[in-house]
Every structure is written in structure tokens, then in C-alpha cells.
Amino acid sequence: MDPARLTKLDDVTWRIEPTGAMRVPAILCADEALIREMDDKVAEQASNVAALPGIVGASFVMPDAHWGYGFPIGGVAAFDAEHGGVVSAGGVGFDISCGVRTMTTGLPLAEVERVKDALADALARAIPAGVGSEGAITLDPVAMDAMLRGGARWAVEQGWGEAADLERIEEGGCAEGAQPDCVSARAKERQRREMGTLGSGNHYLEVQVVEEVFDPAVARAFGLAPGEVVVTIHCGSRGLGHQIGTEFLKEMVIAAEAAGLELPDRELACAPIASEVGQRYLGAMRPATNCALANREILGHFARRVLRHFFPQAELRLLFDVSHNTCKVETHRVNGREPRTLFVHRKGATRAFGPGHPSLPEALRPVGQPVLIGGSMGTGSYVLVGAPESEERSFASACHGAGRAMSRLAATQQWSGRQIVDELAARGILIRSPSMRGVAEEAPGAYKDVSAVVLAAERAGLARRVARMRPVICIKG
């Protein structure tokens, strides 16, 4: 993208002035190098989002943004239901509530290195991964609806998790207002054997080591220490979420036309929040959120079981579990005015509440929310913390990962899976995956520089860096 087409506000903030049908500006948070790496479609899509009814403030773009379906991936937008606001399935994405959880272990890297190969093999056996992967858990219709209502709380009740985890999960591990009756039979059928599975694409389970600390005080509050190992899981709502997204995108094309909405792009299919379709989508999206929360809780349970076999003394505590494909009802000030109830879409973006936010658990409230940023399997990941000014800057939102720099097809044309596995093994990073093509698609070179992305997020006031982790073992789909 050519920065000359944007208005530069400062070194990490750019503005697209409202023109044509745009109701608000688009604000891009990135340094010039990252702006130049973004495809032109990002600016076009952000401008289109800014034309949707009921949008408030601005259409925001995170530093890791790239082209997506309707909304850019890395897009944030908030809508006011009382002023004709809409809800968009494309503004949430297909993998509803895809997110990241990180557990601390207290283990020094040297202990893990002694059993690294055996540990990698054990985790690969315990964590079903890959396209269409199925696990040992099968849900009948009653259990399915209970899971869709209860989320991670349901998983804990079934013995797949720990009660102490719940306060370290967004919304206490359960999205309220879930209506399983709004979820189609086809979506439920796709999920019947997929609980406790990792899936494919950029989903992973990684054993990582804390390699660098940027904010020692916050790192201590989070339980992060240099040289110690953490476990990070990245996955979402699997087939159920994808099916819901697919079905409602089709419905919303019709609903938007029926409501008289003129859309700049058919992929921005949406429905008024107060409409029957809008309410039904929210009723289905929240069970999908609960599905993702339950899935990550179960995967965390499986990982704990393996790690405790090798390290009975390990203290496996959940740092936090965050989602980054959501639409949530939140209260925010807009332009310094009285707080308003808004429907905040974050597609490939992470909630980043700052210090003192009442929704945070007491132990984290003084410092702010952990923001978990996944990098590529060959580079590293980051833990950030929500900044005090993030609400004003971006409705308390930050980036969610490195962001793709090339398509999956282009990656497979440049690298082979075996090449990537061998190169990473030479650097001490073990990969376990059922698909060499999947490894090639997720080659480290196919992603932007995650360090540049998180530095831009920090400079833009979205979140602050706390620690950087290097991968040691990666289980890929």
C-alpha cells in the first residue's frame, strides 16, 4: 500500500478521510514499513466498513492487517444498535472465537530439553490435529447443547479442565446469551466429534521458552520469568463456527437487501442488530464462542496431563485465554462523550483492556489484561498488556498475530514442509504435524515480522510488550 494515499497523523497512525458513502474515517495503526507491506485491499475494505450503518468512531486497522472476507483481518469496528447499527458475520469471521491461551509451568528450559523428543511425541499423540481431525469425545444432542451454553465452564464440570482457569478466561469462560436453538443441525453435526481437537491452518500447540522480558513488574504479575517454559494453544470453534459463518453470510445478503441497506461490497453482508436475523446470528455466534472456549479448555487439559506425566512438580497455571474473532457487547466512550453500549467487532484483533477494568480478575486488574500474540512457528510469540489509552485509540483492541505476508498457495510454491521441518530442527525447534503441506503453508517466511507488529502496537498505544517467547516444540495441524 502506498502511504501517500493516507493522511499521516504520526509515525504509527494513518487516516483515510471520509469520502463517498463513508460515515466515519478509517484509522490504520502501523509504521510506514508495515503500511507498505499491506495490500491495497486493506484500505479499500477498511473504507467499506466505515460506510456501514450505525458505525461509531472509526473503522480501525491493526498493525498485522491483511486482506480478508469483507472486513480486513485485523479490522475493528463498533456499532450502536440504537442508531441503526448492524452485525456482520464477515466482521467476525468464519472461525468464531478463534483465540489463544497460555499456561505458565515454572519449568526451566533445561528440564524440558532433556526429554524434548519424547515430550513432542507424547503431545502429538494426545492432541488430535489436522483437517477434519476428530477426538475421543463424542457429544450427543443433549451434551452438545450443554456445551454450547456452558463453554469452558461445561468443560470443567465434565472433568476436562480446572475451576481456577475460569477467571482467567474472557467472560469467565462462558458467553452469556447463547441460544443453541439458533445453531443449525449441520453445524452441530460437524462438531460432534471435534471437541478437544486442534484443527489445521495456523492453529498450533507450542511449548515455548520466555526469552526476553520488556516489563519486569508486569511479567512477575503474569508469572513469566526468563528461561522458563510456557505452553500456548491457538485454535477456535472448528467446524461448528465455520458452518455458522457460512450460513449466516448467505442469510445476511438477503437480510441487508430486505432492510434497504446499500452495501459497498457484497462480502459485507450484515443485518440490523435489532432485526430477527441479527438477533438470531448473535444467538448462534455466542454458542460458537462457547464451543471455542470449551475446546481450548479441553486441549489445555490434555496438555496438562502430558506435562504432568513428565514433570509431576510443574505448576501449570493459566495466564489468560483471549479470543480474536468476536462481536461483543461492551461499554465505551466515543470521542470523550458519555459511555455507550456498542457491538464491537474484532476480526483478527484482540481485546486489550487496560489497568483497572472491572471485567478483569482481581489479580490482573492493577496491571491490565494479558494480550497474547502468536507469531510463526519459527520466530516467536509475545505477551503484551492492555494499555490505559487503548480504549480511546481502538475500542480497547490490539493486533492478534504476525499477519500473513503471502498466501498459502504462494508459500507451498516457495517451500516444502520437509524443508521447513529440517531447518527448524537445526535451530532446536521440533515440529510435529500430520501434514507436510500444512507445514509449508505456515512457513515462517509467509508471515510478517511479529516483532515489528508488536512494536507498532506499543507505539500506537494499543498494548505494551511484556515478554517474548521462542518456540521449542510445535504441534501443527
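Q: What is a cavity, and how much space lies in the largest cavity?
A: On a 1 Å grid over the protein atoms alone, a cavity is a set of points where a 1.4 Å probe fits but cannot get out. Grid points are joined across faces, edges and corners, and a volume is the space filled by probe spheres set on the points. Here the largest cavity holds about 30 Å³, and the count of cavities of 30 Å³ or more is 1. The model is predicted: local features need pLDDT of at least 70, side-chain atom pairs count only at pLDDT 80 or more, and totals for chains, interfaces and linings use all residues. Residues are numbered from 1 along each chain as its sequence is written, and side-chain values use heavy atoms, with hydrogens and water left out.

Q: Which residues line the largest cavity?
A: Lining residues have an atom within 4 Å of a point. Among them are Tyr204, Gln208, Thr232 and Met469. Helices (H or I, at least four residues) and strands (E, at least two) are DSSP runs, numbered from the N terminus. β7 (99-108), β8, β15 (370-373) and β16 (381-386) each supply at least two residues of this lining.

Q: How do the residues of that lining divide by class?
A: Ala, Val, Leu, Ile, Met, Phe, Trp, Tyr, Cys and Pro count as nonpolar, Asp, Glu, Lys and Arg as charged, and the others, Gly among them, as polar. The cavity lining has 6 nonpolar, 5 polar and no charged residues.

Q: Is strand β8 mostly covered or uncovered, and which strands does β8 pair with?
A: Buried means under 20% relative accessible area (1.4 Å probe, protein chains only). In β8 (residues 204-213), 7 of 10 residues are buried. Two strands pair if DSSP finds at least two bridges between them. β8 is antiparallel to β9 (residues 228-235) over 6 bridges, with Glu206 bridged to Thr232. β8 also runs antiparallel to β19 (residues 463-476), joined by 9 bridges, and Gln208 stands opposite Pro471.

Q: What is a pocket, and what volume has the largest pocket?
A: A pocket is an open set of grid points with protein on both sides within 12 Å along at least five of seven lines. The largest pocket has a volume of about 1200 Å³. It is lined by 41 residues, and the closest to its centre are Ile73, Asp95, Asn202, His203 and Arg408. Its lining divides into 11 nonpolar, 20 polar and 10 charged residues.

Terms used. Buried < 20%, exposed > 50% of the residue type's maximum accessible area, 1.4 Å probe, protein only.
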